[in-house]
Amino acid sequence: MLKTLSSKIALPLCAAMFFFAFSACQVEDEGQFFLNSRLEIKFFGANREAERLCRQEITRFLEEFEQKASAHLEDSEVSKFNKAKAGERVQLSERVYKLFELSMEYYQKTGGAFNHCLYGLSKLWGFMESDGIYGIEELPSQQQVEQLLSYADPSLIELSDGAAVKFHDAVKVDFGAVAKGYALDVCGQIARSYGIKSALFNMAGNVYAIGYKDDGAKFSIGITDPRMIETGEEIFAGVRLADTSISVSGDYERYFLKGGIRYCHIIDPFTGWPVNTGNSVSGIISAIVISQNAAQADAFSTAVMVSGPEEGKRLLEQNGLCGIIITADKKYYVVGDVELFGVKNYERAEWEASFGR
Ligand code: AMP
Ligand code: MG
């Protein structure tokens, strides 16, 4: 049984972001679960009735969306697509169709570093167990990796009129790197439709901020220290932001160790190996992206993990995004205008010195 393996670690449900500086009138609740993660909502306004109705609608939306978009639920639309034969038309609801479309866009904009067709490889590496337990007894062979890699190709999917068709049986999708961000964009739209002017939504490494705090200041968001075991600090640093979203990806939440090597849940779509193993050499242990659009922040933070600092910077700049890139040598790089504060255990690296520009 997989659960008895020493290399296995239970999926941590802890969020990768922490809030600082709460205001007196914030409202909290138990939170709604979506794709194994808890959505934490904080409202900073005074309209309790609007907040209650908004919460209800968000809960309904997340429950419904999960039923359709989860790769773990047998009857979801995503599972139907994954089980479909080549040439079979799989009719999709509007939101799941949108996930396919957005993912194709991000696949193209990240030069393939974001790739929603890695389901087979994620499963091969032991990261697709629905019970949240992961790890593998034996590393896969290079031949197994290469075989699955040939189907990790979004161009083998055709989208039209609300349906998706694959050109090979083995093409399988997983929206784990973008669905939470997309869901937060929808939560934000719902909240705005209830007239909410100030709120924070936090879901497993993705934060969406509406407006400013009630005192007019920006929100302060704490970013998890990717090496907290070594530094003894939970927080890498804080970021101040308002009316935008931020996403963090890293190698420190879902991973297993084998032979002293860390195999994490983010797969390099160019090699088929978890980032920073095999021939994958990004050197990045955490990537943080700020964008008005939470789906975009989510997708790009995953893509930057794959890309390495220099290419990651280029991807962010090309798409008008800001971010922070933390590397294994405990350095961090800042792209664009980020209000960062309180960094302790990491050294700021300058782009020019590192990459000769
Ligand atoms: P995130 O935590 O947002 O970085 O997303 C990571 C999740 O997305 C993984 O657990 C996989 O389900 C999936 N995934 C892994 N590697 C990639 C990749 N290179 N591009 C897109 N999705 C990925
Ligand atoms: Mg992501």
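**Close-up 1. Polar contacts of ligand 1.** In this predicted model, a polar side-chain atom of Asp-174 lies 2.5 Å from an oxygen atom of ligand 1, a polar contact being a pair of N or O atoms within 3.5 Å. The protein covers 93% of the 500 Å² of accessible area that ligand 1 has on its own, as computed by the Shrake-Rupley method with a 1.4 Å probe. Backbone atoms also take part: one of Asn-115 is 3.0 Å from a nitrogen atom of ligand 1, and a polar one of Ala-113 is 3.1 Å from a ligand nitrogen.

**Close-up 2. The shell around ligand 1.** Ligand 1 is surrounded by 17 residues, each with a heavy atom within 4 Å of the ligand, and the closest are Asp-174, Ser-249, His-265, Ile-267 and Thr-302. By class, the shell holds nine nonpolar, five polar and three charged residues, with Asp, Glu, Lys and Arg counted as charged, Ala, Val, Leu, Ile, Met, Phe, Trp, Tyr, Cys and Pro as nonpolar, and the others, Gly among them, as polar. Helix α8, residues 294-307, gives the most to this shell, with three residues; helices are DSSP runs (H or I) of at least four residues.

**Close-up 3. The loop that holds Ala-204.** Between β9 (199-203) and β10 (206-210), Ala-204 lies in a loop, strands being DSSP runs (E) of at least two residues. Although not a glycine, Ala-204 has a positive phi of about 40 degrees.

**Notes.** Residues are numbered from 1 along each chain as its sequence is written, and ligands from 1 in the order in which they are written. Local features need pLDDT of at least 70, and side-chain atom pairs count only at pLDDT 80 or more.

Technical notes:
Side-chain values use heavy atoms; hydrogens and water are left out. A polar contact is a pair of N or O atoms within 3.5 Å; within protein, one must be able to donate a hydrogen and the other to accept it, and residues adjacent in sequence count only if both atoms are side-chain atoms.
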